[in-house]
Amino acid sequence: MKKLITLTLLSGAFIFTSCVSKKKYVELQNDYNETRSELAKTQVEKEEIEAKYAKIEDRVSDYNSKIQSLKDTNDSRLQLEGNVVVSNKDKEKMRAALANVDQNELAQAETLEDSMNLIVSYNLKKNLDSSLIGEGEEDDIQIDIDETVVMITVSDKLLFKSGSARVNPKANNLLERLAGVINSEPAMEVMIEGHTDSQTVKPGSYIKDNWELSVKRSTAVIRKLQDDFGVAPEKLIAAGRSSFHPLTEEETKEAYSKNRRTRIVILPNLDKFLALLSSN
């Protein structure tokens, strides 16, 4: 009897131990499966990161190759002066061009940009007098250079009738010649300024005041240049100054006539100028 009890107890203990081991095994098996799943997920993420990193390395390598190619094709390293980047090759071309510029004006140039403006202005000015001013228009058109900007002043009587913003047909020849000058020089932008006299606009007129008249005259000239003579619109700027920038303060018929004018301001575009230098 004593032996039977002992055997029963041992059997029960074995069964209990077996149950605990099986439960533990299942837990371990689940942990193992989860670990394998996480490991597989991590491996996929690692491969994705490696692929992205490889693409980045390829892009960096491509950029470095392009930079090296630019360095190899340039005659010398680029130099930064002020806000303008110029190669030594371009500087040689600029020195040759500056030899033709008025040396007194050149002496006043304080920056590289000033010198570049002088070159563009000089090239324009030397061709404007002969190509822009027609016979009999000498008193109606004035060409000046002010701080390296070319300014063309056209009298009111050549462009507009009194109080009107409609371009006079007799101005077509002038505007066609002006368009030819603008189109021949890529390195420029052109601002058209309308100026009026100080006399008030007649009551009941379709134009409200001198501000409106000056702007309408500016845009009328711009539309003619763009629509009739093929000037690229991105090169044109419209501006109206009303009567607040007179050439004379006198209140005479002649003074009023002098103040009524359109000013064409030619602004050198330095980025395009540099591009022209590099392409020549």
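## Helix 6 against helix 7

Helix 6 (residues 172-184) packs on helix 7 (residues 210-228) at an angle of about 65 degrees, the axes being 10 Å apart. That makes the two roughly perpendicular (65 to 115 degrees), and their crossing is right-handed. This is a predicted model, where local features need pLDDT of at least 70 and side-chain atom pairs count only at pLDDT 80 or more, while totals for chains, interfaces and linings use all residues. Residues are numbered from 1 along each chain, and side-chain values use heavy atoms, with hydrogens and water left out.

On the helix 6 side, the contact (heavy atoms within 4.5 Å) uses N172, L175, L178, A179 and I182; helix 7 brings V221, K224 and L225. By class that's six nonpolar, one polar and one charged residues.

## Salt bridges

There are eight salt bridges in the structure, each a side-chain nitrogen of Lys or Arg within 4 Å of a carboxyl oxygen of Asp or Glu. One of them pairs D156 with R217, closest N and O atoms 2.7 Å apart. It spans 61 residues, from helix 5 (residues 156-159) to helix 7. D156 is buried at 6% relative accessibility (under 20% counts as buried, over 50% as exposed, in between as partly exposed, with a 1.4 Å probe and protein chains only), and R217 is buried too, at 3%.

R260 and D197 also meet, at 2.6 Å from N to O. R260 sits in the loop between helix 8 and strand 7 (261-268) and D197 in the loop between strand 5 and helix 7, so this pair ties together parts 63 residues apart in sequence. D156, D197, R217 and R260 are linked in a salt-bridge network.

Conventions:
Axes are lines fitted to C-alpha atoms, for helices over the stretch in contact, and angles run from 0 to 180 degrees between N-to-C directions. Helices (H or I, at least four residues) and strands (E, at least two) are DSSP runs, numbered from the N terminus. Angles under 35 degrees count as roughly parallel, over 145 as roughly antiparallel, 65 to 115 as roughly perpendicular and the rest as oblique. A crossing is left-handed if the near helix is turned anticlockwise from the far one by less than a right angle, and right-handed if clockwise. Ala, Val, Leu, Ile, Met, Phe, Trp, Tyr, Cys and Pro count as nonpolar, Asp, Glu, Lys and Arg as charged, and the others, Gly among them, as polar.
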